[in-house]
Amino acid sequence: MKLSFNKISKIKIAIFMMGIGTLSSCSDFLDRVPEDEIVDETYWQTQEQLEMAVTGIYSRVKAKNIVDMENMGENTMWPTTTEYKDIGSGVFPVTQPTVDNEWRNMYRDIRESNAFLANYERAQETEPGANARLAAEVRVIRALGYSFLTSFYGDIPLVLVPLDPDDPQLYEGRNSQKEVVDFLLKELDEAAAILPEKIPSGKDLGRVSKGTALALKARIALAYGRYDVAEKAAKDVMDMGVYKLYSNGDPKTAYYDLFTRNGKLALGNNKETLFARLHKMDVIMHNLSREIQVPDQFARFVPTKSLVDSYLCIDGLPIEKSPLYKDATYEDVFKNRDPRMTQTILTPGDKWGGRYDGRPVSENADPSIFMVPKFTQDGRGSVTTTGYYYKKYVDLSAVPNYNRDDNDIHHIRYAEVLLTYAEARMEQGKLTQDDLDKTINLLRDRVWDETHGVKFLGPKWHGCTHGNPS
């Protein structure tokens, strides 16, 4: 029979009081484990404790700040800061706050994952296989964190055990990016072999699944030119047959709808999102809707002209080649374009939460309708620095109130898996029309509406994925 800590302590005390204890016994007594705080020596005992620890690790997954990271590319600007843009360019001082915060916070999260993985096997299971499944979930979350770190900083320390502040491994230098990527691909394979295929629901809603692990593997492999690996991982997800593109029955709003409260995983009608950071009203919320269309300041996230120009016209041609493209007026820019553009970028005539737009206030009879961009800061409406605003991820009811947004933040979607498969096949010179029909053209079909007058797909897409946002 295994003795509990309390029983062992009582035995030690009895031996000590009887006068037959040695000096080492006295030392053991004085080194008792604290009973007023959670410590490794006493915590990792039950499956329930493991589940609580995993919940804490899930809470560390990036939420709105994964959207902030869009500023590293050419699609988005944040007018009041260039810190993520600096990271994207690779030119930044080591004292830059975001550089320091991302490094510190992600290694904090990785340490928590390492602590779990070092201790989970000690817990008593109430459900066969639960310990291994929970550990696989944590390994995927740790891999996600490392994927961000190595994409930001290149070569990084690959730490797989919990370290104390005086541990010499803290000062051992960095592992090469190749070594990190090799580890992540292997780690995700091993986790995928344990995780369930079905989409988590009920009490398991939002948990990592086999599809999550393989889709993340496909993303990492594609980013580092491992095209055969990316192709296979993406195809493995496709072959599961459990994911499909989100639809609300209306091609004019389906893509936009996915990123609102209507696309929340808790509603049960979103089979596209493989992994998201979940939110719930009055429990855990964010401020993204308000930041996108903040009604009395500069909009925090604004689309660039580079993004707007990247959307194809409905004839399948880029704007510089299509005879359908006109830009004589602001409204013209949005006409005859890929329908995903007007479900992503705020379009004249759309409802919005930004109050007074660029029209004179005397002519703005209905501030809930957007017509023209606002460039002057007067505290009466949302200001853009690029001439454009987002509508993607905006729930209008959340715009007026600070931090009252409960949209899920989508990390990995099936649309990305389809594009990854197509791009990996293309990079290997293997892309076929059949590949296109079961990937890119599915994405186009989702938003096609015959009322546009010109069939959006036109000839089936023959070419790379550039200009085909998911």
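The expected span of a helix is 1.5 Å times one less than its number of residues. Helices (H or I, at least four residues) and strands (E, at least two) are DSSP runs, numbered from the N terminus.

The model is predicted, so local features need pLDDT of at least 70 and side-chain atom pairs count only at pLDDT 80 or more, while totals for chains, interfaces and linings use all residues. Residues are numbered from 1 along each chain as its sequence is written, and side-chain values use heavy atoms, with hydrogens and water left out.

**View A. Helix α16 (residues 414-427) and the elements that cover it.**
At 1.5 Å a residue, the 14 residues of α16 should span 20 Å, and the end C-alpha atoms are 20 Å apart, which agrees. Ten of the 14 residues are buried, so that α16 is mostly covered (buried means under 20% relative accessible area, exposed over 50% and partly exposed in between, with a 1.4 Å probe and protein chains only). The buried set consists of Tyr-414, Ala-415, Val-417, Leu-418, Leu-419, Thr-420, Tyr-421, Ala-422, Ala-424 and Arg-425. These residues pack against α10, α11, β2 (273-277), β4, α17 and α18 (contact means heavy atoms within 4.5 Å). Gly-429, with a positive phi near 70°, follows α16.

**View B. Helix α18 (440-447) and the loop residue Thr-439.**
Six of the eight residues of α18 are buried, and the helix is mostly covered. The buried ones are Ile-440, Asn-441, Leu-443, Arg-444, Arg-446 and Val-447. Their cover includes α12 (254-258), α15, β4, α16 and α17. Thr-439 is placed in the loop between α17 (433-437) and α18. With a relative accessible area of 0%, Thr-439 is buried. Leaving aside residues up to four places away in sequence, Thr-439 touches Met-238, Leu-418, Tyr-421 and Ala-422. Leu-418, Tyr-421 and Ala-422 are also among the buried residues of α16.

**View C. The contact of helix α10 (residues 210-223) with helix α11 (residues 227-240).**
The two helices pack at an angle of about 155°, with their axes 8 Å apart (axes are lines fitted to C-alpha atoms, for helices over the stretch in contact, and angles run from 0 to 180 degrees between N-to-C directions). That makes α10 roughly antiparallel to α11 (angles under 35 degrees count as roughly parallel, over 145 as roughly antiparallel, 65 to 115 as roughly perpendicular and the rest as oblique). The crossing of α10 past α11 is left-handed (the near helix is turned anticlockwise from the far one by less than a right angle; clockwise would be right-handed). On the α10 side are Lys-210, Gly-211, Leu-214, Ala-215, Lys-217, Ala-218, Ala-221 and Leu-222, which meet Tyr-227, Val-229, Ala-230, Ala-233, Ala-234, Asp-236, Val-237 and Met-240 of α11. By class, the residues of this contact are twelve nonpolar, one polar and three charged (Ala, Val, Leu, Ile, Met, Phe, Trp, Tyr, Cys and Pro count as nonpolar, Asp, Glu, Lys and Arg as charged, and the others, Gly among them, as polar).

**View D. The contact of helix α8 (130-153) with α10.**
The axes of α8 and α10 come within 10 Å and cross at roughly 20°. The two helices are therefore roughly parallel to each other. α8 passes α10 in a left-handed crossing. Val-140, Ala-143, Leu-144 and Ser-147 of α8 make the contact with Thr-212, Ala-213, Leu-216, Arg-219 and Ile-220 of α10. Six of these residues are nonpolar, two polar and one charged.

**View E. Helix α9 (residues 177-192) and its cover.**
Val-180, Val-181, Phe-183, Leu-184, Leu-185, Glu-187, Leu-188, Ala-191 and Ala-192 are the buried residues of α9. The elements that cover them include α8, α10 and α11.

Most residues other than glycine have a negative phi. Arg-355 is partly exposed, with a relative accessible area of 35%.
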